[in-house]
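Q: I am new to this model and would like a close look at one part of it. Please start with a ligand and go on to the aromatic side chains.
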Amino acid sequence: MILQYLVALVAVIAAVAADSNDKSKLVGTWTSKSNTVFTGPGFYDPVDELLIEPDLPGISYSFTEDGYYEEALYRVTSNPQNHSCASAVLIFQHGKYTVHANGSVTLNPFEVDGRQLLSQPCKKSHSEYSRYKQKTFFKSFEVSVNTYNGRNMLQIFQFDGSKMQPLYLAYKPPLMLPTITLNPTGKSSQTGSTRKRVRRSLENQYRTNAVREVPKSFELFWWFSIAAIGASSAYLFLH
Ligand SMILES: *[C@@H]1O[C@H](CO)[C@@H](O)[C@H](O)[C@H]1NC(C)=O
Ligand SMILES: *[C@@H]1O[C@H](CO)[C@@H](O)[C@H](O)[C@H]1NC(C)=O
């Protein structure tokens, strides 16, 4: 009898593990440990074509339930020869994503919308603002609860299987720009009506959008785990 339930319990655990690349687990806005880079209007202003530099480098990804993603990257590369010659890059992209049956993920950007701002102060006096398009492939991903701080964690394995820095859930529903092509003409000089349309869409979007995730304290998470173990043991003995 007990054995049957143990077998059932193992099956449930296995099912939960197999479900770890379930698409819905990606939904939300994820950010790296620095907690300074977030997708959405604070990173890129598509109406004024402005990339906004966060306080510290980091990366952020957002995913919607209906298959859209947004990417915000801020990287600083130091120059060991001269510390005042560090280069910095900001990248914005958004588009559609697909989770494949084998657990891999493809990010397909809206090609006309991607932007890059590159600063190399010792090579060029001005930052270079340009279009950017880079299709991205992740070999796999895992969503888990970090046992140390109780936060929801997203581990992405890049195309070659190497680990990306862990990302933590910051907003759910996600904090994102509208999931439409923001620059539909393929030209950076938009017509007045297009600008107005994008602006109105932005305003509407922000009214109902993201909800900030408050990290659960580790203690609460720990007590919850103990309670869950207690409950499942009780279940086993009562049946
Ligand atoms: C997983 O599936 C995708 C899409 O079919 C494919 O491009 C990729 O090569 C596959 N990856 C592996 C590791 O089999
Ligand atoms: C480092 O770069 C700055 C800015 O270009 C320059 O003024 C300075 O002389 C450089 N220092 C060294 C040690 O090369």
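How far does a polar side-chain atom of N102 lie from an oxygen atom of ligand 1?

A: The distance between the polar side-chain atom of N102 and an oxygen atom of ligand 1 is 2.4 Å. A polar contact is a pair of N or O atoms within 3.5 Å; within protein, one must be able to donate a hydrogen and the other to accept it, and residues adjacent in sequence count only if both atoms are side-chain atoms.

This is a predicted model, in which local features need pLDDT of at least 70 and side-chain atom pairs count only at pLDDT 80 or more, while totals for chains, interfaces and linings use all residues. Residues are numbered from 1 along each chain as its sequence is written, chains are lettered from A and ligands numbered from 1 in the order in which they are written, and side-chain values use heavy atoms, with hydrogens and water left out.

Around ligand 1 are H100, N102, S104 and F137 (a residue is near if one of its heavy atoms lies within 4 Å). Ligand 1 on its own exposes 360 Å², of which the protein buries 38% (Shrake-Rupley method, 1.4 Å probe; for residues, only the protein chains shown count as cover).

Next come the aromatic rings. The whole structure has 6 aromatic pairs; rings of Phe, Tyr and Trp (its six-membered ring) pair if their centres lie within 6.5 Å, and planes under 30 degrees apart count as stacked, over 60 as edge-to-face and the rest as tilted. One of the pairs is F38 with Y171, edge-to-face, at 5.8 Å centre to centre and 85 degrees between the planes. It joins distant parts of the chain, 133 residues apart: F38 is in the loop between β1 (28–31) and β2 (44–45), and Y171 in strand β12 (residues 167–171). Strands (E, at least two residues) are DSSP runs numbered from the N terminus. F38 is buried at 16% relative accessible area, and Y171 is buried at 15%; buried means under 20%, exposed over 50%, partly exposed in between (1.4 Å probe, protein chains only).

Y61 and F138 have ring centres 5.7 Å apart and planes at 85 degrees, so this pair is edge-to-face. It also links distant parts of the chain, with Y61 in strand β4 (residues 58–63) and F138 in strand β10 (residues 136–145), 77 residues apart. Y61 is buried at 3% relative accessible area, and F138 is buried at 4%. Y61 and F138 belong to one aromatic cluster with F63 and Y97.

Key:
Helices (H or I, at least four residues) and strands (E, at least two) are DSSP runs, numbered from the N terminus.
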